[in-house]
Amino acid sequence: MKIFSLFLFMTVGFFTGTKHYYKKEVMSTLEVERMNIRIGEIKNMISIDPKYNTKIAFFVDMRIPSGKNRFFVYDLVNNKILDQGLVAHGSGSETGVKGSLKFSNEPNSNCTALGRYSIEKCYKGGFGKSYKLNGLDETNNNALKRAIVLHYYSAVPYDEQDYYISNSHGCPMVNEQFFKRIEKIIDTSKSKIILDVYY
């Protein structure tokens with residue numbers, strides 16, 4: 001099975017022409033492939049615009065169930081995942097079909113919006129320390145208007161689960177312990193970190 005998975009991984013890369021930045025056995029071949037495509041796009045973007053951090057980026061794969069780690073802290077220089085954790089999606093993104101989500105940029109939709117965000121200044125809100133998110137794509141450019149922020153919440157478990165975790169109102173909502181680790185990365189960064197949410 002491992003040989004087949006490796007063959008499939010190499011075949012997908014050959015036909016898509018994608019450079020493989022990351023490969024991890026605990027992720028499926030398709031999860032790795034999706035991530036590698038996004039990493040390539042982010043690397044191209046930050047090479048053009050110097051205001052973004054060129055060493056670290058955050059990736060969220062919304063195809064992975066919410067009970068599994070799907071928020072990844074990625075080292076763009078050494079091409080490896082440094083950390084990972086659970087992250088909630090918006091309650092409005094639920095479709096009633098297990099494993100299927102919908103996404104929206106509309107105010108009051110309570111949906112997660114896909115796309116690239118720059119992590120902005122922190123503030124103290126109803127959930128404690130939070131980071132404003134500026135949507136950089138047409139699919140998420142209402143993020144500031146919608147008050148979509150990166151924050152923690154006590155109902156988000158730390159460990160992976162076999163069931164789905166609680167939902168947010170559209171914000172990427174993580175466990176407090178995980179938040180404290182990514183908070184250090186954000187606060188010590190001299191340039192804006194990109195958060196890429198994809199499906």
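Visitor: In what order do the elements of the protein chain run from the N terminus on?

Guide: From the N terminus on, the order is α-α-β-β-β-β-β-β-α-β-β-α-β, made up of four helices and nine strands. Helices here are DSSP runs of H or I with at least four residues, strands are runs of E with at least two, and both are numbered from the N terminus. This is a predicted model, in which local features need pLDDT of at least 70 and side-chain atom pairs count only at pLDDT 80 or more, while totals for chains, interfaces and linings use all residues. Residues are numbered from 1 along each chain as its sequence is written, and side-chain values use heavy atoms, with hydrogens and water left out.

Visitor: Why is S93 called buried?

Guide: Buried means under 20% relative accessible area, exposed means over 50%, and partly exposed lies in between, with a 1.4 Å probe and protein chains only. S93 has a relative accessible area of 0%, so this residue counts as buried. Its place is in the loop between β4 and β5, and, leaving aside neighbours within four places in sequence, S93 is in contact (heavy atoms within 4.5 Å) with S100, L101, K102, F103, N110, C111 and T112.

Visitor: What makes K51 partly exposed?

Guide: The relative accessible area of K51 is 42%, and therefore this residue is partly exposed. K51 lies in the loop between α2 (29-48) and β1 (52-61). Beyond its neighbours within four places in sequence, K51 is in contact with S191 and K192; K192 is 141 residues away along the chain, yet the two C-alpha atoms are separated by 6.5 Å.

Visitor: How do you know that the side chain of K51 makes a polar contact with the side chain of D49?

Guide: A polar contact is a pair of N or O atoms within 3.5 Å; within protein, one must be able to donate a hydrogen and the other to accept it, and residues adjacent in sequence count only if both atoms are side-chain atoms. The side chains of K51 and D49 make such a contact at 2.8 Å.

Visitor: What makes β3 and β4 edge strands of the open sheet?

Guide: The nine strands have the order β3-β2-β1-β9-β5-β6-β7-β8-β4, with mixed pairing. β3 (80-85) and β4 (87-88) each have a single partner strand, so one side of each is left without a neighbour in the sheet. Two strands pair if DSSP finds at least two bridges between them, and β2 (residues 71-75) pairs with β3 in the antiparallel sense over five bridges. V73 stands opposite D83 in β3, and the bridge partner of Y74 in β3 is I81. β2 and β3 form a hairpin with four residues between them, and N79 in the turn has a positive phi of about 50 degrees.

Visitor: How many disulfides are there by the rule used here?

Guide: A disulfide is a pair of cysteine sulfur atoms within 2.5 Å, and by this rule the count comes to zero. As for individual cysteines, C111 has 4% relative accessibility and so counts as buried, whereas C122, with a relative accessible area of 40%, is partly exposed.

Visitor: What share of the residues in the protein chain is buried?

Guide: Buried residues make up 49% of the 199 residues in the protein chain.
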